[in-house]
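Here is a short briefing on charged pairs and their surroundings. Keep the sequence and the 3D view open as you read.

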Amino acid sequence: MVFHTAYGDLVMAFYPEVAPLTVDHVLRVGCLGGYDTNHFFRVDRGFVAQVADAKSGRQRPSSDALEELASRTVQGEFSKLKHERGTLSMARHQDPNSATTSFSILLGSAPHLDEKYTVFGELLEGEETLVRLEALETTRHGMFVMPKTRVTIHSSYIYDSDEVGTVAGRLPSSSSDPCQAILRSHV
């Protein structure tokens, strides 16, 4: 999945062999446009850049299908993978099975999250974008460190590639749109 922001692109790869339910859920949300016009509501230097929930963080209206999917919770899929810079990790409430659509890209090492939060992928490209996000002016609201300027995900797309590191700039053609297969499949 690729996120386009004013600060640069973020190219992510997922681990379906580690967190199949989570990866399927995030891909379905992405295919339904759940991350388009959403934003990084939290940018805590050295800790996380967190995407807002698809139900409340988007600027564009949602379809009924997206609303229903974004309301579902995902079972925690905890592994031995470490929370390090570039790791993709699902956000959740106290209940370990309460993740919905919000997730973080780690901006540093966070061993206190290991085996308690679902790691489902990693950042392949976009380190320079993370550096730009970390340089933003922030303010604290309770436990959250938030950027003073909205960091909008202008658009996102999903690609299908077996070759790591070869995906930048690859847009799926209408005849090979991976979302068609993702939305038809059942986990």
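In this predicted model, the side chains of K148 and E137 meet in a salt bridge at 2.9 Å, N to O. A salt bridge is a side-chain nitrogen of Lys or Arg within 4 Å of a carboxyl oxygen of Asp or Glu. The pair links distant parts of the chain, 11 residues apart: K148 is in the loop between β9 (144-147) and β10 (151-157), and E137 is in the loop between α3 and β8 (138-141). Both K148 and E137 are exposed.

**How to read the model**
- Local features need pLDDT of at least 70, side-chain atom pairs count only at pLDDT 80 or more, and totals for chains, interfaces and linings use all residues.
- Residues are numbered from 1 along each chain as its sequence is written, and side-chain values use heavy atoms, without hydrogens and water.
- Helices (H or I, at least four residues) and strands (E, at least two) are DSSP runs, numbered from the N terminus.
- Buried means under 20% relative accessible area, exposed over 50%, and partly exposed in between (1.4 Å probe, protein chains only).

**Other salt bridges**
- The whole structure holds eight salt bridges.
- One of them joins E115 and K80 at 3.5 Å, N to O.
- E115 is partly exposed at 41%, whereas K80 is exposed at 64%.
- R85 and E127 also pair, at 2.9 Å, N to O.
- R85 lies in the loop between α2 and β5 and E127 in helix α3 (residues 127-134), so this pair ties together parts 42 residues apart in sequence.

**Around S79**
- S79 is buried, with a relative accessible area of 17%.
- S79 sits in the loop between α2 (64-71) and β5 (87-90).
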